[in-house]
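Morning, everyone. I will take a few local features and then the ligand site. Please look at the model on the screen.

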Amino acid sequence: MEITALAQEVLAGNRRALARAITLVESTRPDHRAASAALIDALSAQKREAIRIGLSGTPGVGKSTFIESFGLMLAEQGMRVAVLAVDPSSARTGGSILGDKTRMEQLSRHPSAFIRPSPSQTHLGGVARRTREAIALCEAAGFDVVLIETVGVGQSETVVAELSDVFLLLLAPAGGDELQGVKRGIMEVADLIIVNKADGDLKATATRTCADYAGALRLLRRRPEDPDGFPKAMTVSALEQSGLDNVWSEIRTLVDWRRETGRWARRRADQARHWFHEEIRQMLLARLQSPDAQRLSAKLSEEVESGTTTPTLAAVALIDQLWPEISHSKGAESLDLARDTP
Ligand code: GDP
């Protein structure tokens, strides 16, 4: 299919076309990269905007149950819901998140929903770009809400927080020790801390856990992008589908306030700048992986190890070779430093 035809199908909200388009942006083949850039470009003119909701939590906390219940609730309210996954740990046993067909069974059959499992064999840098582009495609396809799921391990939460408008952290009911297990950095980016499984025997523990987190949140620095009372902690039962309407209404409160005060646009602008810098970093790192760069690096490493040169001089030599236009020694010459340096 031609890119313009594919773009039109995506704009028309065709889910199969959307799936194909995401496959295209996930591909690392150079011709596919070029085609996906053209596709993203063709779609960029439309200004459709979804609410991007990041969701993180450790395995077993109930992410897929929550997405199933929450997604169905939104879909039944007439919204179109897309679900994407960020799973950097492709080495994980048991397959990638969302990969299991039995997960989110009802939601995946709903005509207003679109669920995309995470691709395997991707590193975090590639995952971020692929997810960013997949989000853009879902927005172009007219989805109202894009849920971005990630497991709460490593850096993936930070990546997802930088990709979303609202970030939810899902937790299980637990004793006080658990609180320390949540990294401070994650608490700082969470907009809502949701204690799941507030049902049956676990209900009392969930309420206590929620109060603990509410206390911990009050100790955090007030963020300029928040209205009064945020970030918030709350309890839900994804299984019994209770508290989910509360989650949605808090998200709406936050989103409306941020939109009215210009914070929404500011946050997206900041994220765009972040990803621009991140792309540069990734491209430079990729350049360092090229065979010639690797050979040179291996040679210089040996010289550093044997003491023939210093780490700094070796780094300068490598940069000079790979990027003569930004050569350090050139700069030094023009300052007349190179000659004076013994
Ligand atoms: P994920 O690994 O975070 O996606 O977690 P799952 O959604 O697969 O859920 C893990 C387990 O917790 C499953 O056995 C679910 O049935 C259970 N679970 C999920 N949500 C709830 C809930 O609200 N209450 C209770 N009691 N169990 C739940």
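Lys 197 sits in the loop between β6 (192-195) and α10; helices here are DSSP runs of H or I with at least four residues, strands are runs of E with at least two, and both are numbered from the N terminus. Lys 197 is not a glycine, yet its phi is positive, at about 70°. Most residues other than glycine have a negative phi, and most peptide bonds are trans.

Before going on: this is a predicted model, where local features need pLDDT of at least 70 and side-chain atom pairs count only at pLDDT 80 or more, while totals for chains, interfaces and linings use all residues. Residues are numbered from 1 along each chain as its sequence is written, and side-chain values use heavy atoms, with hydrogens and water left out.

Where is Pro 231 found? Pro 231 is in the loop between α10 (203-219) and β7 (232-235), and a cis peptide bond, with omega about -5°, joins Phe 230 to Pro 231.

Next, two helices. α11 (residues 244-260) and α12 (residues 263-288) pack at about 85°, their axes 5 Å apart; axes are lines fitted to C-alpha atoms over the stretch in contact, and angles run from 0 to 180 degrees between N-to-C directions. The two are therefore roughly perpendicular, a term for angles of 65 to 115 degrees. In contact, meaning heavy atoms within 4.5 Å, are Val 255, Trp 257, Arg 258 and Arg 259 of α11 with Arg 263, Trp 264 and Arg 267 of α12.

Last, the ligand. Which side chains make polar contacts, that is, pairs of N or O atoms within 3.5 Å? A polar side-chain atom of Asp 199 is 2.6 Å from a ligand nitrogen, and one of Ser 64 is 2.9 Å from a ligand oxygen. From the backbone, a polar atom of Leu 239 lies 2.9 Å from an oxygen of the ligand.

Note on methods: A polar contact is a pair of N or O atoms within 3.5 Å; within protein, one must be able to donate a hydrogen and the other to accept it, and residues adjacent in sequence count only if both atoms are side-chain atoms. Angles under 35 degrees count as roughly parallel, over 145 as roughly antiparallel, 65 to 115 as roughly perpendicular and the rest as oblique.
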